[in-house]
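I opened the model to look up two things.

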Amino acid sequence: MSGDRQNLLGLSRVQLENFFTGLGEKSYRARQMMKWIYRRGESDFDRMTDISKTLRERLKEIAEVRAPEIVTEQLSDDGTRKWLLRAGANQAIEMVFIPETDRGTLCISSQVGCALDCSFCSTGKQGFNRNLSSAEIAGQVWLAKRLLGETTLASERVISNVVFMGMGEPLANYRNVVPVLEILIDELGFELSRRRVTLSTSGLVPNLKRLADDCNVALAVSLHAPNDELRNQLVPINRRHPIRELLAACWAYAEKHSNRSITFEYVMMDGINDSLVHARQLARLLRRRPAKVNLIPFNPFPGTTYRCSPVRRINEFRQILLDGGIMTTTRRTRGQDIDAACGQLAGKVKDRTTARLGDKLGIQVKSA
Ligand code: SAH
Ligand code: SF4
């Protein structure tokens, strides 16, 4: 039971300091608490032995460390894991872990659904339900660390990268996302390198400008089209913030952060945005800029009419960008057999029941 308890999970160092000083405690309590929660994955105040017994008793009354509850876990043939987490009654979000030889990437969600309605995205098609709290966002990383049996030793780190590429538009939930970015890179928090924390956005320009001042993490921008006419159709937010405005904010972000490259995501859809003319237009937009491109094979989902571009076209498209001097990679699709690939994360929002969800996924769903 949570009652009105303050969830300490999701509070950044400054927020924890404010919490403890508000209780009349010294601010160094925040640093102790950070280590317990984020580094050691502890949720039981009784085990936090360097905190006085009196304070622990008080914390038990007024606070808690509570992550979202797991509804299901699925394992793909390629080792990708997907968890469905409860986000309130009859609502769920998804989180995916992708192990690779040189890294382990955790893909997290920032909202239940998404309001931006990109035409090729399953999450977008579900509509928007609500923002996740900082506790629910940081709680995903916290849970995954526990579930993957991660230790506090850097050499045994399982999660080396965190990407905001799950459900939702992180910059549309700015207030709750920024403290989590801080926790991810805080040396007393999840202690990740800032180059290994990637915020992916479809281009909420005003908040992108704010982010440049507030936090320094890697940026991925969902471009998907090299001209406004096409991007207006694929990524409707482009009607409000067209490509020129978006790219200007991107270059300003890069400049502020020692010209570290921005990754431009480009979902390859057959006959839609994958012609060689599109490739040349894209090359022109990004030439001589701190930019690299990640081509993402379109991942289908029920009800979509889009198809993924043929491999040969993706390779030709890539070659044009490379010839234009733009570093370009093609993303390998992972976890497709469990619908864990980009843009397939739908969670189940609104009034669908978890039972029906279980039917759909063909898996056993734990009841609430
Ligand atoms: N809202 C943010 C982050 C979540 S989406 C954003 O749009 O950037 C993460 C990435 O998955 C984005 O690049 C998005 O365009 C991509 N994506 C969405 N639907 C997809 C699909 N069906 N196939 C492949 N990638 C998709
Ligand atoms: Fe939202 Fe990103 Fe999907 Fe667009 S691609 S609908 S911004 S989650």
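**Ligand 1 and its shell**

I find a nitrogen atom of ligand 1 at 2.9 Å from a polar backbone atom of G168, a polar contact (N or O atoms paired within 3.5 Å). The model is predicted, with local features taken at pLDDT of at least 70, side-chain atom pairs at 80 or more, and totals for chains, interfaces and linings over all residues. Residues count from 1 along each chain as written, chains are lettered from A and ligands numbered from 1 in written order, and side-chain values use heavy atoms, without hydrogens and water.

I also looked up F120, where a polar backbone atom is 2.8 Å from a nitrogen atom of ligand 1. For E265, I note a polar side-chain atom 2.9 Å from an oxygen atom of the ligand. The protein buries 96% of the 520 Å² that ligand 1 exposes when taken alone (Shrake-Rupley, 1.4 Å probe).

I list 20 residues around ligand 1, with F120, S200, S222, H224 and N299 the closest (a heavy atom within 4 Å). Strands β10 (197–201), β12 (262–268) and β13 (291–297) each give the shell at least two residues (DSSP E runs of at least two residues, numbered from the N terminus).

**Helices α5 and α6**

I took α5 (134–147) and α6 (174–185) next; their axes come within 8 Å and cross at roughly 30° (lines fitted to C-alpha atoms over the stretch in contact, angles from 0 to 180 degrees between N-to-C directions). S134, I137, A138 and V141 of α5 meet N176, V177, P179, V180 and L184 of α6 (heavy atoms within 4.5 Å).

Terms used: Polar contact = N/O pair within 3.5 Å; in protein donor to acceptor, adjacent residues only side chain to side chain. Helix = DSSP H or I, 4+ residues; strand = E, 2+ residues; numbered from the N terminus.
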